[in-house]
Amino acid sequence: PLNYQTFNNYSAVVSGFYDNPFVSEIAIKNFKFHYHTPDGEKIEIADDAWAKTQTLSSFSLENKQDGTYRIRGVKQGSASRFALVDGQWKALIQAKRDEAKPLKANVVYQSDLKKNSKVKTVETQEIIETFISRRTMSDVSVKHVHEGFDVRFISHPNTLKVNQPIQLQVVDSAQRVKDVKASVLAQRYALERTDRVYQTLQSDDKGHLNFVIKDQGQYLLTVDYQQPFTAKGDQLKRYKYTLAFNVVE
C-alpha cells in the first residue's frame, strides 16, 4: 500500500517483482488476490481489477469502513520430486545423467534410482499480503487464520513502532512451527543491491518470531518454510511468504 494507515475512502495498492525491496521491476502474474474487510467478509479481487504496466500492478481498495483490511495474494508454483537415498532426501532429476560430469551430492537421477525407493513431491505456494487500517485498528481480519501455512499476528501489523517488541507466530494447519528462518528486508534509497537484509530471525519452540526494529520505515518480512520430509504423506508443501509492513515512531 502507498499508505498503511489512512483516513481516505480508497487506498492504492501496488505489487511487483523486484531484486531490491520496494523497487518493482516486473508486474507479477498468476496471483489470486482477495481481501478481508474489518468485519471479516472475504472479497475476491478479479484479475481485471488490477491495472498493469511493465513494472508493476496497481489496485484501488475501497476502504470506506473503519478498521483493518487484510489483502492477500496466493500463487500455486511448481512441484519438485525428492527421493530418499542412503538416509538423505535428494532432488530427483528425470533427465539422463551426463556421465562426463561429476554427480552433485544433493541430486539423484531417475535412471540411478533403486526400485521401491521412497519418493515425495513438494509443491511450492507463494503468499504475499499486507494490511491497511482506516481511522482505527481492528482485530477481526488480523486474527483470521488461513488453512495450511499462516502467520499469526500477536502484534497488530499496523501498530508497530520503533524500539518496541514485535511478536508473530508461524503456524501450519494451526500447529506452531519451530526453527523456521525468516528475514526482515528494509527499503533502500541508495544505489545498491547487497546488504538488503535488515534482520534474520528464527521461530522459537512455540513458533514465535520475536524482534525489535530500531528504524522507522517500510519493510518486508519473508519466510521460506517447507513441510519436513518426516511429515505423513507423499505430497508436501513449501511456502514462500512475504508481508509488507511499516514501522512508525
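**Salt bridges in the predicted model**

The structure holds ten salt bridges, a salt bridge being a side-chain nitrogen of Lys or Arg within 4 Å of a carboxyl oxygen of Asp or Glu. The model is a predicted one, in which local features need pLDDT of at least 70 and side-chain atom pairs count only at pLDDT 80 or more, whereas totals for chains, interfaces and linings use all residues. Residues are numbered from 1 along each chain as its sequence is written, and side-chain values use heavy atoms, with hydrogens and water left out.

One of these contacts joins the side chains of R134 and D66, with an N to O distance of 2.3 Å. Because R134 lies in strand β10 (residues 119-134) and D66 in the loop between β6 (57-62) and β7 (67-85), the pair ties together parts that are 68 residues apart in sequence; strands (E, at least two residues) are DSSP runs numbered from the N terminus. R134 is buried at 8% relative accessibility, while D66 is partly exposed at 37%, where buried means under 20% relative accessible area, exposed over 50% and partly exposed in between (1.4 Å probe, protein chains only).

D224 and R238 form a further salt bridge, their closest N and O atoms being 2.6 Å apart. D224 belongs to strand β17 (residues 217-226) and R238 to strand β18 (residues 235-247), so this pair links parts that are 14 residues apart in sequence. D224 is partly exposed, at 40%, and R238 is partly exposed, at 27%.

The side chains of E44 and K42 also meet in a salt bridge, at 3.7 Å from N to O; E44 is exposed, with a relative accessible area of 56%, and K42 is partly exposed, at 48%.

Key: Helix = DSSP H or I, 4+ residues; strand = E, 2+ residues; numbered from the N terminus.
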